[in-house]
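Hi,

Here is the structure I promised to pass on.

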Amino acid sequence: LILLGVAVILYGMLTPINEDFELAGMLFLMVFLGCLLAFIGLLVIGTFLVPFLVALFGKLFSRKPAGKLAGLNAVRHPARTGAVGSALLIGVTLVATCLTGMYSLKTTMESQLDEAFPVDVKITFPEDSQPNAGTVDSVSRAAGVAETALVKEADIGDEALTGYTCSSLYVGDAGELRKLLPANVPVPGLNEYGPVFSPEQARTLTINGTQLKPVGTPSGADIPCLITTETAQKLDVKTAEYGAQIWVKLDENANLDTVSETLATAAHVSPHDVDVIAQIKDALGTFMLTFTYIVVGLFGVAVVIALVGVSNTLTLSIIERTRENALLRALGLTRKQLRSMLFLEAFLISGITALTAIVIGTAFGFVGASSLLRTAATADLTIPWIPLLILWFATVAITMLATLMPARRAAKVTPVEGLAIE
């Protein structure tokens, strides 16, 4: 099943889609089927894989008597350890897959939004109230503003842009634009214009006898085409007396609910003249994060159920070994060592199983996100380290807490009392 699943995954990933969205959807379903087959195969061998991994990592703690005993106890009943580990493997793998896939989708979506909407805020001005250096300075000092750039419309005539993807051409300072625009949106250099959609297919723009090379992004950006002030001065391009805009990049602490009024006051314009595009990106990002946590919460129920099974199994195992624990006490094992042995046993089963599940889930999440994002211009695959660490620590911590009372009770039993139990 594992080999068949891997073969199906490779076929779905390596088959060219040639921008065919219907084919891409079918191949994604094929990759999903391959992951499902591989996962079922892993569950089949899980009853052997989990005890093997627990025994392997248990050797790391075998220098001390308590650690060696814990490693041996954890795999003394391979069928029971495997069954418990498989249940935990299912829940944690599902959560890790969901986290990796959804965070990769969220990161890719944010990157695409930054490319499509590279400017957080655009401030437009009435024809009789164009901005000056004082206006730009006032906006720059407003709360929540990180960078600003003043762009002015180039006065080259409407006929110059006929047949081009650019409906208008603006002039801006290259240094200001590089600070303001995201890294994946190129700023035109000398004798260049853009950003344009599909620059490899765009035409050169001729101004005053000089050809300007197009630059841009595969999906285009929601800003007018630009030339730098250096290019404008070289080609003797004048700017119009109207149509100027101030573009703003907000900092991370900006209040999106009040930024429109704040910038309108700073620029002396109406709030209707302030287009806060960052609100759209923030709303989509919040939706994706909320959806991720809802799905993770649903899959988390499987983890909780599995943890209950692990805890019950460990508790019953401790109770069944009362005479054995008493014998170990009689042979010189201290109460502290006995508690350490039981805690380490719980740690090995839950910790190693959860770690294995996270690795498998991350791999599945990468494969699924890569397949789903094949139609995107760029796929930004992300490992959500902090959520995955929280998942691992929570799994181990809950198991250890469930073992606390049985371990303390077992340590309190004297050798005489324990050996007297039938």
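**What I found**

The protein has 13 helices and 9 strands. Keep in mind that this is a predicted model. Of its 422 residues, 48% are buried. If you take the contacts with a separation of 6 or more, 79% of them come from residues 24 or more positions apart. The protein exposes about 21,400 Å², and 63% of that comes from carbon and sulfur atoms.

One is helix α5, residues 133–140, where Thr135, Val136 and Val139 are the buried residues. They sit on the same side of α5, because they cover an arc of only 100° around the axis. What do the buried residues of α5 pack against? Their partners are the strands β1 (121–124), β2 (145–153) and β8 (245–250), plus helix α8 (259–267). Look at the start of α5 as well: a side-chain oxygen of Asn132 comes to within 3.0 Å of the backbone nitrogen of Gly134 there.

The other is on the surface. Leu1, Leu4, Phe32, Leu33, Leu36, Ile40, Val44, Ile45 and Phe48 make up a nonpolar patch, and together they have about 870 Å² of accessible area. Which helix gives the most to this patch? That would be α2 (residues 21–58), with 7 residues. Ile40 is in α2, and its relative accessible area is 38%, so Ile40 counts as partly exposed.

Cheers

Technical notes. Residues are numbered from 1 along each chain as its sequence is written. This is a predicted model: local features need pLDDT of at least 70, side-chain atom pairs count only at pLDDT 80 or more; totals for chains, interfaces and linings use all residues. Side-chain values use heavy atoms; hydrogens and water are left out. Helices (H or I, at least four residues) and strands (E, at least two) are DSSP runs, numbered from the N terminus. Buried means under 20% relative accessible area, exposed over 50%, partly exposed in between (1.4 Å probe, protein chains only). Contact means heavy atoms within 4.5 Å. Accessible areas come from the Shrake-Rupley method with a 1.4 Å probe; for residues, only the protein chains shown count as cover. The arc is that of the directions from the helix axis to the C-beta atoms. A polar contact is a pair of N or O atoms within 3.5 Å; within protein, one must be able to donate a hydrogen and the other to accept it, and residues adjacent in sequence count only if both atoms are side-chain atoms. Patches are made of residues with over 30% relative accessible area and no salt bridge: like charges are joined within 9 Å, nonpolar side chains (Val, Leu, Ile, Met, Phe, Trp, Tyr) within 5 Å. A salt bridge is a side-chain nitrogen of Lys or Arg within 4 Å of a carboxyl oxygen of Asp or Glu.
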